[in-house]
Amino acid sequence: MATSEILPSYKALYLSANSDIAILEMGPSSPYTPQNSQSLVRVRYSGINPGDVRHFWMGMNSFVMGYDFSGTVVDSGPSSPFSPGDEVLGMTFPGHQRAMHAGAHQAFLLADPYMTWRRPADLEARWAASMATAAQTAADALFNCLGFGLEAAGVDGNSARGQALLIWGGSSSVGWAALHLARAAGFEAVFVTASPANHEALRVAGAARCFDYHSPAVVHDIRRAAEDLALPLYAVFDAVGAGLGVFEPPRAGVEDFSRSSPAVAKLCLADGALARGEARLCCALPVAQDADWTFALFSRKGDMQETQHPGWWQRQDKVVSWLIDNHESAWRPLPKISVVDTAEDAVVALGDAFDGKLSMEKVLMQHPLR
């Protein structure tokens, strides 16, 4: 590692076994040495996601937090595809008590070649740190679970042309990514739900119609829009899974599934679509109450996933690689990108992301944190 890259110490955010977020002092210098195909990355920005905290409620803890990152390769293993000086973006793989070097919310990490890409010179490092997790999840939803193709990326599947798609939660990071990929796939119309304040930005990004998910008439309005356009709605991606009560702290009372976003979104389908086997439903969280819904994952890499769904992670990789290569025409970041540079502010932002307080906004950490 170049001498100029050595830090006397740096801060890392650590998710403890009791869900507390601890601020660790790391160093001096980086404790990580790349092996085989790994690359040591000096992290410039890491992206905050709801999953940073949610994964505790999925049974994962005791690791340095963070998944999305952008930064510079400063050292590489003998079989790494990257060299010192390469600018990269990517994400790391989650896991209970995963190795400390895998966390993105610190100044250095070890990146594996899978889910790491070279960052084009005209793609800002801030934008790059907000892409991978959302794009991977949206790619799994549209091109694996829902079965559509993206011809430009060499991904086969059902044609989206002449089709309508409903994205519930279009102002979330995953919903925003799904909107961009849906437009690239050629959907005739993409309907989205979001708070009214976010409708204009979603229309600019390519949504055909925007709907207020709080409105008691939202189902009627969506069905009417589909009828007006003569585009029966057969495909739905719920990018938020609101009201399911899964992977979150226990709450007072009993969740009413009939009021959850998957239950309401399903009502928007064209008449008879389910009975005819034409409906395609995917959610960013598991919908245990309704077997008609599939569950989108950020990655299909791994022994079990590759056995159950052969070729799916390669499809995700093709889509995200295409999106990065074509970011100038196919991608724009969420309208608000905020940056925090102190560990204390980062802890607050992690909680805000998990609690759903960030609307049309991505918060990044700038490293090294103060």
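1. Helix α3 (132-145) packs against helix α9 (residues 312-325) at an angle of about 125°, with the axes 9 Å apart. Axes here are lines fitted to C-alpha atoms over the stretch in contact, and angles run from 0 to 180 degrees between N-to-C directions. Helices are DSSP runs of H or I with at least four residues, strands runs of E with at least two, numbered from the N terminus.

2. The model is predicted: local features need pLDDT of at least 70, side-chain atom pairs 80 or more, while totals for chains, interfaces and linings use all residues. Residues are numbered from 1 along each chain as its sequence is written, and side-chain values use heavy atoms, without hydrogens and water.

3. Residues of α3 that meet α9 include Ala-135, Phe-143 and Cys-145; on the α9 side, Trp-312, Val-319 and Leu-323 are among them. Contact means heavy atoms within 4.5 Å.

4. Aromatic rings of Phe, Tyr and Trp (its six-membered ring) pair if their centres lie within 6.5 Å; planes under 30 degrees apart are stacked, over 60 edge-to-face, the rest tilted. The count is six aromatic pairs. Phe-148 and Phe-187 have ring centres 4.8 Å apart and planes at 70°, so this pair is edge-to-face. Phe-148 lies in the loop between α3 and β9 (164-168) and Phe-187 in the loop between α4 (173-185) and β10 (189-193), so the pair ties together parts 39 residues apart in sequence.

5. Phe-148 is buried, at 2% relative accessible area, and Phe-187 is buried at 3%. Buried means under 20%, exposed over 50%, partly exposed in between (1.4 Å probe, protein chains only).
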